[in-house]
Each structure stands twice: as structure tokens, then as C-alpha cells.
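Please keep the sequence and the 3D view at hand while reading.

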Amino acid sequence: MKRFMTIAAAAMLSAPFAHAAMAQGMSKDALIAQAVLAAPESLRAGATVVNYDAKGNAVVLRKGNNGIVCTPDQPGGIFSVSCYGQALLAQREMEAKEKGEGKDPKTIQADVQAAIQTGKLQRVPMGTTMYSLSGRTQAMAKGMWVVLMPGMTASETGLPTQPTAEGTPWLMRAGTAAAHIHIPQHSGGAM
């Protein structure tokens, strides 16, 4: 379970850096269909779908209307698609640009935190949600929903700070600016 949580978290951080799927021959429609797999079915049709080129420039594959943004799988590595609230788009675009510049993940996250502290990036509102679907292959992928809860503690949310059973929600990084609720999905995220 912990291994899956680590894979899911890493996948959600790396998903915005998808940039070579088109070069592998996937059509625009196939990329869109793949990208929205992580979102609840009721949100898929209205989601914006964004891919990123090798320099980290956003390529909008489809403009949506429901405040959800999805990114397709990145080639090489585990299968991972993600969707997230529009409030995260500026942060994801900054991460993609820095990744395109060759910066390592620790530097990128430090730069994001500095940008938030200086006001270059807005703080993401409490309750912003991310959806991911990741695994060794698409067939093996499992869904994870994450609700951002900056500063919240276990006593405030009533949630445990460790997974207690497969499929139950829990609060990770309680009491920090990075606090968030993990909600594992049994059916690959499609609910």
C-alpha cells in the first residue's frame, strides 16, 4: 500500500511533463481519451486536456468548461495520467518549463515553494482536487484522488495519518502546507 502511495504521488508530480506521446504516434483524440481516464466519469467530457512539449510549453489538446485539467501519459516509465483543479495549472506549467530546462525534481519543488512564498504563484485553495491513475501498465493502473488541505491536522479532519486499510482515506503531511487527503480508488479512478 505504501509503495502504491509513493508511486501515485510521484506519478502525479511527473504527469504534467508528458511531451513525447504525439511523437510516438498517438492521435490527438487518443491522447485526450487517455488523459481523462483519471477523472471521475462525470467530469471527463468537460475537462481541458493539456500536453507539454520537450521545452515544457503547454499544448492545449482540448479546451474544457468544468475547471478540470488533464494530462496524458508520459512515455518511458510507469503508466500515469492525471487530472486536477484549474487552480493548479499555473504551478504545473511552471514545473513543466523547469523540467524542460533540465532542472531536477528537488530544485523544481523548491522553486515552486519560493514562487508561492513571493506571490509569483498563488496558493492553491483548500479543497483543490487531483486525480491520478498510475501503475506499471494501463491495465494494472489504480486510481488515487487527492484533496489538498493545507495546514489541516488529523484532529481537525478526523482522518488517520496513515492508511488503515486498503481503499480508505487518510491525511498525509498533516499540519503542513502540503497536507492532503489520499482517497484510493478501487476501480481505476472511474466512479
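The text below takes the disulfide, then the helix, of this predicted model.

**The disulfide**

A disulfide is a covalent bond between the sulfur atoms of two cysteines. Searching the whole structure turns up one disulfide. Its partners are C70 and C83, with an S to S distance of 2.1 Å. These cysteines lie in distant parts of the chain, 13 residues apart. The table places each of them.

The angle about the S-S bond is 110°, and the link between C70 and C83 is right-handed.

**Helix α4**

Helix α4 covers residues 89-100. How far apart are the end C-alpha atoms of α4, and what span should its twelve residues have? The end C-alpha atoms are 16 Å apart; at 1.5 Å a residue, the helix should span 16 Å, so the two values agree.

The buried residues of α4 are L89, Q91, R92, M94, E95, A96 and E98. Take E98 as an example. Its relative accessible area is 8%, and because buried means under 20%, E98 counts as buried. Leaving out residues up to four places away in sequence, E98 touches K103, T107, I108 and D111.

Just after α4 comes G102, which has a positive phi of about 90°.

How values were computed: Residues numbered from 1 in each chain as written. Predicted model: local features only at pLDDT ≥ 70, side-chain atom pairs only at ≥ 80, totals over all residues. Heavy atoms only, no water. Disulfide = S-S within 2.5 Å. Helix = DSSP H or I, 4+ residues; strand = E, 2+ residues; numbered from the N terminus. Buried < 20%, exposed > 50% of the residue type's maximum accessible area, 1.4 Å probe, protein only. Contact = heavy atoms within 4.5 Å. Expected span 1.5 Å × (residues − 1).
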